[in-house]
Amino acid sequence: MRTQQGKKGSNGSELKVLVRHRAIQRRISQMANEIARDFPGERVHLIGVLKGACIFLSDLIREIKLDVSIDFMAVSSYGKSKESSGQVRLNKDLDTSIAGLNVILVEDILDTGLTVSYLCRILRERRPKTLRIAALLDKPSRRIKNIQGDYVGFKISNEFVVGYGLDYGERYRNLKDVCVLKSHVEGI
Ligand code: IMP
């Protein structure tokens, strides 16, 4: 298996594997089973938060043995920085109504919680039957808003991670593993 361990980027950054692809796949299968157990015989409507959650969502839906539909929202809060601007902007809204549906908001990572709490506020106003949160990763130590995931893949410590959909300045989303991005140059 190819690994990003110790790989040097041209800008002086280094990638260290935190969660391997195989462990991600195993956990996603378990999460899908948890969802199927919670909604037996029902339809679930997954809303992916672009762009980071697209890879997680595409793997997750294929493991859920229920009637599943999907939609997407796009938000921006980080830009090219590693720190959130603290302000969330909705760049793309849903295509269809969620009234009466079992909605699962699918995020790549829960960090401060600002993004998910903003999105949950918008979604609740649209009267879904239920609203839950699925996140591949969770950095609870960084939380500002009082939110928690209903289906969480891995709790991680306060480090900036990339890969499996997560980016830094739009790079690294295609890595199969989740990696810690260590910067050796000030400001990157
Ligand atoms: P929150 O609003 O602070 O919870 O941040 C959520 C969003 O910030 C995620 O959907 C990611 O796009 C981004 N983010 C937070 N932490 C990281 C990280 O470690 N790597 C890459 N993106 C992150």
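Reader: How many of the residues of β6 are buried?

Author: In this predicted model, 9 of the 9 residues of β6 are buried, and the strand is mostly covered. Buried means under 20% relative accessible area. For the protein chain, buried residues make up 47% of the 188 residues.

Reader: Which strands pair with β6?

Author: Pairing is read from bridges between two strands. Strand β3, residues 43–50, is joined to β6 by 5 bridges, and these two run parallel. Leu-46 has Ile-104 of β6 as its bridge partner. With strand β7, residues 130–138, β6 pairs over 8 bridges, also in the parallel sense.

Reader: In what order do the elements of the protein chain run?

Author: Starting at the N terminus, the order is β-β-α-β-α-β-β-β-α-β-β-β-β. That gives 3 helices and 10 strands.

Reader: Where do polar atoms of the protein lie 3.0 Å, 2.5 Å or 2.6 Å from the ligand?

Author: Polar contacts are read from pairs of N or O atoms within 3.5 Å. A polar side-chain atom of Glu-107 is 3.0 Å from a ligand oxygen atom. For Thr-115, a polar side-chain atom lies 2.5 Å from an oxygen atom of the ligand. Val-161 contributes through its backbone: an N or O atom there is 2.6 Å from a nitrogen atom of the ligand. On its own the ligand has 490 Å² of accessible area, and the protein covers 92% of it.

Reader: What joins the side chains of Ser-69 and His-45?

Author: A polar contact of 2.7 Å joins them. Ser-69 belongs to strand β4, residues 67–76. Ser-69 counts as buried because its relative accessibility is 17%, and the cut-off is 20%.

Reader: Which backbone features call for a second look?

Author: Most residues other than glycine have a negative phi, and most peptide bonds are trans. Exceptions to either pattern can be listed one by one.

Reader: Which residues does a cis peptide bond join?

Author: The bond lies between Leu-50 and Lys-51, with omega at about 0°. Lys-51 is placed in the loop between β3 and α2 (54–61).

Reader: What is the phi of Tyr-164, and what is that of Glu-170?

Author: Tyr-164 has a phi near 50°, positive although the residue is not glycine. For Glu-170 the phi is near 75°, again a positive value in a residue other than glycine. Tyr-164 sits in the loop between β9 (161–162) and β10 (178–183), and Glu-170 is found in the loop between β9 and β10.

Reader: Is Tyr-164 buried or exposed?

Author: Tyr-164 counts as buried because its relative accessibility is 3%. Glu-170, in contrast, is partly exposed, with a relative accessible area of 46%.

Technical notes. Residues numbered from 1 in each chain as written. Predicted model: local features only at pLDDT ≥ 70, side-chain atom pairs only at ≥ 80, totals over all residues. Heavy atoms only, no water. Polar contact = N/O pair within 3.5 Å; in protein donor to acceptor, adjacent residues only side chain to side chain. Areas by Shrake-Rupley, 256 points an atom, 1.4 Å probe, with all protein chains shown as cover. Buried < 20%, exposed > 50% of the residue type's maximum accessible area, 1.4 Å probe, protein only. Helix = DSSP H or I, 4+ residues; strand = E, 2+ residues; numbered from the N terminus. Pairing = 2+ DSSP bridges.
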